[in-house]
Amino acid sequence: MQVHKYDVVIVGAGGAGMRAAIESGQRARTAVLTKLYPTRSHTGAAQGGMCAALANVEEDNWEWHTFDTVKGGDYLVDQDAAEVMAKEAIDAVLDLEKMGLPFNRTPEGRIDQRRFGGHTRDHGKAPVRRACYAADRTGHMILQTLYQNCVKHNVEFYNEYYVLDLLVVEEDAVREDGTPYKQKRVAGVVSYDLASGEIHIFQAKAIIFATGGAGKVFKTTSNAHTLTGDGMGIAFRRGIPLEDMEFFQFHPTGLAGLGILLSEAARGEGAILRNSEGERFMERYAPTIKDLAPRDIVARSMANEVREGRGAGPNKDYVLLDLTHLEPAHIDAKLPDITEFARTYLGVEPYTEPVPVYPTAHYAMGGIPTNIKGEVLQDNDTVIPGLYAAGEVACVSVHGSNRLGTNSLLDINVFGKRSGINAAEYAKTADFVELPEDPSAETIAMLDVVRTGTGTERVAAIRSDLQETMDANMQVFRTAESITTALGDITKLRERYRNISIQDKGKRFNLDLLEAVELGFLLDLAEAMTVAALHRKESRGGHYREDFPDRDDANWMKHTMLYKDPTAETEGIKGIRFGTKRVVFTRYEPMERKY
Amino acid sequence: MTASTAEPASKVELPASVGGGGEIPTFDVTLRVRRYNPEVSDESHWDEFKLTMYGTDRVLDALHKVKWELDGSLSFRRSCAHGVCGSDAMRINGRNRLACKTLLKDLDTSKPITVEPIKGLPVEKDLIVDMEPFFQSYREIMPFLVTTGHAPTKERLQSPEDRERFDDTTKCILCAACTSSCPVFWTDGQYFGPAAIVNAHRFIFDSRDDAGDMRLEILNDKEGVWRCRTIFNCSEACPRGIQVTKAISEVKQAVLARQF
């Protein structure tokens, strides 16, 4: 076991992690730990753009962007955070341009902008051109640009170091009102070097979690195989709450049967969704902005078309994304990658044939609760000093119950930067927290259990069953019955997980072991999502309960907070305590969400 | 849920082909994988796996089927599974490709499909190679925008034509398919290799950048662009369709045209 000491340790090298590293690396001794090589992260799969009210092509301002974000999130957005994001979006885009990002340009040489779902002028009057983009590979360009700047600033990376534990200690403390409580503090992280199988402890004054999402709890997903919710899982196991886990975004246009993302930019550039009868069905569900309604609405509308028998294809189980009325040259210039995906994976020629699409699990709105500085909260009011989170792993909450397209690339840049600066500044004045005795004991014990297990269950089979039940019961339409079914299945899968064995017993690149550990996180998170979904008896944003089809502000205008607590029970699940957190309002009163 | 109005939506006639297709057929393939695990043996060997796969399956799906159902010790890198992260470059039937972008039905499935690690980089285990020498070359060409003078308050201006000039080389995902397909790189590991040159090209031809001369100096080295023998393996290997050899030629011309 080796021990390393850094001022700041960043876990994850996607957009949020590297944006943080660029700031932190110039201010404090910083290490980035990543289970993948840096440019492999799923930020690179983002396509359509990053919104900022630059007003380069038409009138726009950050206040409209804030409103769209709040309304898009069905008013569960913390408005102070949305304001910060929309305001700082402009500098975030300009920062990236100065770092070298090759944005598409207007004839005048300015950054070009295009339309995107839910982004409107003047509080919903019409779609606005707000998304700054680089063809349909904006995420790729962001990831490459951030890595390039990490190279420029000599950021220190530990590649293929898989962080498995966060070292948390608790101290007795007293609140202002005199009540005693346990203050959590972080001492470091425990990581597993995939190449050697060795454990490395990283002691740090400040730690930033930027580990991304957990889309692999679902079967049909746009997410990478590696998006297994490790950061959320580690934090949850260490007593840190998870916020708003019931809200998961299903992106409307995944390639049917495969889940591979086709950007909303396609619809931004004029593509139209059609059912088997050739109808532009979004005219019925969102008469004003039609195909450019927010993702939750479009995804549900598509699923409803299929459910009512108007799906296309031999099994009538998808709808069609029609680009055939667009000029091929325009498609080539603006949407080259996604049209190639349709050709490569489905053998469909988008110039002449509509592309089969169906909603695909895309993005976790919930995650580790933070404030607008990126500081992680241990409860509604208490910050854990030195612990930060940014990007999909975190819940600020700028996305509320439904994220608007492009706002994730924005989120990672704005809050990645904030976390990086704040963590480094914190580390300048703070001392190291002493490592707990035998800091890797629990991690080593967990790995040994997996490595030496002699059970009869296979990791892949359990994972596949988990994904099946989540797709069947926790997708765009949910009921108490379907959610309870999922919960029952997860409980059984947890039993089976105790009886696994893996075949690779070696130390070197033991990815068999890695997948088993990842499955443990997936099970924890699927359970958290499901418990939260059962608890929230209303429909809002990405969480749609057919047994409670309306938004219920009187009872549910509040964030969900889930805590791991051995003594508690929520919705029949032992070990999870339920809490709520107030939604922050600044200037927008909740209104009915119509498009 | 119900549609908010009962108005009929505008509609078009769909082509007759939509809705056809029927069930996706299955087929049998044999996957022949080069295995190597220095914890077990210093020698590599071939393992064969017989699999039943579906019409839309890729080589990556076949590898997963092996790992998840037959032999959990089979080791390979992968992440996004649709050709954008660059993790799973490997030699498939003797050609460098991404496993997640290679459909089985596009290969000759009557013969075993061979899968090996990419060449020229040290093999760590099975299909996993040490990527460090590759990234070292990348870092040496200064792969970041360098500007002089005052930064403008807003964005730097760049015409669409100037932006288009280096568009092709911005697509690179650093998968190493090009570099590890290059016979020069196989015999001379010091050669910068196509990927590093592609990434230098991306900045040399960016109108905003001021360090082109420094990069050309670096690539004028004996291990630089002049090692390229215009064999075109790299262009054929690139899963992103970058015209790699053309980019290298443009860098060569820039070195020659440079004012000394």
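**Exercise 1. Strand β17 of chain A**

*Solution.* Step 1. The model is predicted: local features need pLDDT of at least 70, side-chain atom pairs count only at pLDDT 80 or more, and totals for chains, interfaces and linings use all residues. Residues are numbered from 1 along each chain as its sequence is written, while chains are lettered from A and ligands numbered from 1 in the order in which they are written.

Step 1. Strand β16 (residues 375-377) of chain A pairs with β17(A) in the antiparallel sense, over 2 bridges. Pairing requires that DSSP finds at least two bridges between the strands. Strands (E, at least two residues) and helices (H or I, at least four residues) are DSSP runs, numbered from the N terminus. β16(A) and β17(A) form a hairpin, with 5 residues between them.

Step 2. Strand β9 (residues 199-209) of chain A is joined to β17(A) by 3 bridges, and these strands run parallel. Here A:Ile207 has A:Leu387 as its bridge partner in β17(A).

Step 3. A residue is buried if 20 or more other C-beta atoms lie within 10 Å of its own, exposed if 12 or fewer, and partly exposed in between, with C-beta atoms placed from the backbone. Strand β17 (residues 383-389) of chain A has 5 of its 7 residues buried, so it is largely enclosed by the rest of the structure.

**Exercise 2. A helix pair**

Describe how α12(A) and α15(A) pack.

*Solution.* Step 1. Helix α12 (residues 441-452) and helix α15 (residues 511-535) of chain A pack at about 115 degrees, with axes 10 Å apart. Axes are lines fitted to C-alpha atoms, for helices over the stretch in contact, and angles run from 0 to 180 degrees between N-to-C directions.

Step 1. α12(A) contributes A:Leu447, A:Val450 and A:Arg451 to the contact, and α15(A) contributes A:Leu513, A:Ala516 and A:Val517. Contact means C-beta atoms, placed from the backbone, within 7 Å.

Step 2. The contact residues are 5 nonpolar, no polar and 1 charged. Ala, Val, Leu, Ile, Met, Phe, Trp, Tyr, Cys and Pro count as nonpolar, Asp, Glu, Lys and Arg as charged, and the others, Gly among them, as polar.

**Exercise 3. Chain B against chain A**

How many residues does each chain give to the contact?

*Solution.* Step 1. Chain B gives 55 residues and chain A gives 64.

Step 1. On the chain B side, the elements giving two or more residues are α1 (59-70), β6 (123-125) and α3 (160-165).

Step 2. By class, that side of chain B has 21 nonpolar, 19 polar and 15 charged residues.

Terms used:
Two residues are in contact if their C-beta atoms, placed from the backbone, lie within 7 Å.
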